[in-house]
Amino acid sequence: MIRGFDTGVPVADLLHAKAAVVDRLLIACWKHFLGDRADGLCLVAVGGYGRRELHPHSDVDLLLLTAQPLADNKSCADPVAALFRFLWDIGLKPGQSVRTVEECEQEAERDQTVITNLIECRHLCGDIALFQQLEARLAPERLWPAQAFFTAKLQEQEARYHKYHDTAYNLEPNVKDGPGGLRDIQIIGWVTRRLYGAADLIQLVSRGILSHNEYLELNRARDFLWTIRFALHSLAGRCEDRLLFEYQKQLADRFGYLATDGNQAVEEFMQQYFRTIKGVERLNEMLLQLFQEAMPSRQASTPPVRVDEYFHSVGGYLEAVNEELFRQRPLALLEIFLALQKNPSLLGIRASTIRLIRGSLDIIDDDFRRDPAACRLFMQILREPQGIVHQLRRMNRHGVLAAYLPEFAKVVGRMQFDLFHVYTVDEHSLFVVRNLRRFTLEKHREELPFAYDLSRQIAKPELLYIAGLLHDIAKGSGGDHSEMGERIAGEFCRRHGLGDDDTKLVTWLVRNHLLMSLTAQRKDIADPDVVHEFASAVGSEAYLNHIYLLTLADIRATNPNLWNSWKDALFKELYAVARRALRRGLHNPIAQGEICAARRHDAQRITERLGLPAATTEIVWANLGDEYFLRFAPEEIAWHTIALAGCRDADLPLVLLRPESRWGSAEAFVYMADRDYIFACSTAVLDQLNLTILDARLITTSHGYVLISYQVLEQNNAPIENPLRQTEIADRLRASLLHPTDQAMRVARRQPSQVKHFAVRTQVYFHDDAQARHTVMELLATDQPGLLSKVGQAFTRHGIRVLNAKVSTIGSRAEDVFHITDRDGKPLATEAARQALHASLLALIDEG
């Protein structure tokens, strides 16, 4: 089989050929083991084998049909057992059941999956009369009539879709069971057989339910998915239906896909896969609706209800008033979606009209796109008070969005081969619009209250929706997608009649959609210069409101596991300090001295309120320089001050854990005499405890002590609420700092298996702080257990002090930023010092 596959034999021929070989084998075995004793027995092929579809490692589903229970037929029981043992011994993996006709009927009546398995049964050998009895008992007029069977399969499909989060666009999709996969095609076949008694979908063409082109499309999709499944089985050496990362590149190479501008070969392959299953989903939806209409219970026609001049409703579904509507009135290709928005009680578009839409997409040409009336309709869809996302998704599903925005067509099904971007670009973009829309809805207010309040200040939310729809539209086109997207967005805005101010806002958002994310997650937002630079780039409070909302919507639409309370607090903080800078005036930036004085004042008010004398506070602060007061907020300073005020040398190292800080994460606080190993040891312990380190701030006092604040969450982004867990963390951290060992700095936690397929070349970059106070070191590497500890060990070797660390993991990629100095608190001034540190980092990180 494999040789035939490699030489280009059609996969359908290979599946049927294997089934034929197994047929011959089973018939020969049947004769050998049972011979003349097979009276009252019948061997039946069911399931996929019944359809003659056997992939390299598919189970062979068999039913042994008996006239009486096998236990009552002593002469056959032992030979049957020997037959099945032999089949297992030769590696056939039979999935067998032994039942009488009555038992089959009882099981099928109870469970629709059993009737599904049996309706494709095929006689192999044995008593043909027994097989005919079974067929008669399974007839729809006796068992599972078409309507009941259809309803059960529909519910089964809904449950299956829900298992895959109602999207086909998963990083490692299931070719068989995922939405748009082979199971969707099989459901069409099962319902066809139950409703019409037809074993081949070609009969749907003769009945006018399926067009000839749709039939060909369905067959092409099935053959493509069969080919992938066949290759998966042969690569894995087992029954494997998941398109895992470890196979995606191999399959792209095997099928001859080539890299194109800015896209890997594997991305080209996966785009074809996602586009194929998108087509299957669409055909499945359309055919199931047509089947529903064809059910005997629906034969009594429901009179259409007028919706407007061009559409009426039939059974709750919108239908064109005539088959020539879209040819006669091209604008109706957009008006139909607007009609659905204005009539939310409608269930969707009728299958016959979906087919008309698909057949009329050629009408949407450059003249259509430039038509002011079409542009007004599209903008009206974006401005409607309801149904915006639903209709954009429906337009995408039926091909209208890609036809109307040709640039969007290029990102339909476009994936990025990494662990960070969970969805295809088109699906992600629509999720961004969905998130922006949710910010405005009262029913979702508690999800992100600040975003909800801010969205109320947005005068034209449609501008945000446009930016969300277009922000990644140039992905995979080569070059900087933000710059190219800016140009596409400008053309869109001008074509749709947006004014200069609105166009400027949308294009700025598309060009700068990563600005706030990169600033918050990779720069030191406690630094007034960083804040001033960001505020200057934003320019106004209105732009700040828009970029904040777009950033939140973008991050939350990239990966469901990416958002946490730390990020929520981080972006709120950057928003707050940037707004203060804008309100103060960019020409009058706040000085560091002012910030320090204000924080000292506010922190002292807190400590006094809590009963700490001002004199004691001043003693604690005497050894803390301005750097400390720049990096911590008043409530943090007050908490540290109270802890340090009561601390004696015998208590050191002082280790405290505050379950919830202002960042929404826990704060692990360390205070002790300065030692080279502290950062390496403490980060290793936190990693060993399966904690995610989000941020690290380290301050060295003037009298030789170090104060460290780590912001941490559990690995699953959950807060640390259990008091026993809090105690465990503090105790383990203190014990390791008291008695540091090489073992304490090793992290035995296993790396997730997926990460090995997305190895990132370790890269280290150095650049100077704008005020020459320290050196900024950026580290890009494959995320791995103990990464921060390895970095700390390199720092120890070279006498590096860490002032601040921003830790960010994006899929398999660690993007960490460290603000560092030498032992004397000065930037790394020489290239030799930087290169030596660089070499140590590579050696430690890449060793494992």
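Mentor: Let's start with a term: two residues are in contact when they have heavy atoms within 4.5 Å of each other. Leaving aside residues up to four places away in sequence, Gln96 touches Leu62, Phe84 and Trp88.

A word on where this comes from. The model is predicted, so local features need pLDDT of at least 70 and side-chain atom pairs count only at pLDDT 80 or more, while totals for chains, interfaces and linings use all residues. Residues are numbered from 1 along each chain as its sequence is written, and side-chain values use heavy atoms, with hydrogens and water left out.

Back to our residue. Gln96 sits in strand S3, which covers residues 94–100; strands (E, at least two residues) and helices (H or I, at least four) are DSSP runs, numbered from the N terminus. Leu62 lies 34 residues from Gln96 in sequence, yet their C-alpha atoms are 4.7 Å apart. Gln96 counts as partly exposed because its relative accessibility is 33%; buried means under 20% relative accessible area, exposed means over 50%, and partly exposed is in between, with a 1.4 Å probe and protein chains only.

Now step back to the whole protein. There are 38 helices and 17 strands, and the C-alpha trace spans about 100 × 70 × 50 Å along its principal axes. Of the 848 residues, 56% are buried. Of the contacts between residues at least 6 apart in sequence, 71% join residues at least 24 apart.

Helix H24 (residues 461–470) is mostly covered, with nine of its 10 residues buried. Among them are Leu463, Tyr465, Ile466 and Gly468.

Next, a pair of helices. The axes of H15 (residues 332–342) and H18 (residues 372–383) come within 10 Å and cross at roughly 30°. That makes H15 roughly parallel to H18, since angles under 35 degrees count as roughly parallel, over 145 as roughly antiparallel, 65 to 115 as roughly perpendicular and the rest as oblique. The axes are lines fitted to C-alpha atoms, for helices over the stretch in contact, and angles run from 0 to 180 degrees between N-to-C directions. On the H15 side, the residues meeting H18 include Leu334, Phe337 and Leu338, and the H18 side includes Ala374, Leu377 and Phe378. Seven residues of this contact are nonpolar, two are polar and two are charged. Here Ala, Val, Leu, Ile, Met, Phe, Trp, Tyr, Cys and Pro count as nonpolar, Asp, Glu, Lys and Arg as charged, and the others, Gly among them, as polar.

Another pair is H37 (residues 787–797) with H38 (residues 831–846), packed at an angle of about 145° with axes 9 Å apart. Val791, Ala794 and Phe795 are among the H37 residues that meet H38, whose partners include Leu837, Leu841 and Ile845.

Finally, a sheet. Four strands form an open sheet in the order S5-S6-S7-S8, with mixed pairing. S5 (305–306) and S8 (348–349) are the edge strands, each pairing on one side only; strands pair if DSSP finds at least two bridges between them. S6 (residues 311–314) and S7 (residues 317–320) run antiparallel and are joined by four bridges, and His312 stands opposite Glu319 in S7. Helix H16 (residues 351–359) packs on the sheet, where H16 touches S7 and S8, and its direction makes about 50° with that of S7.
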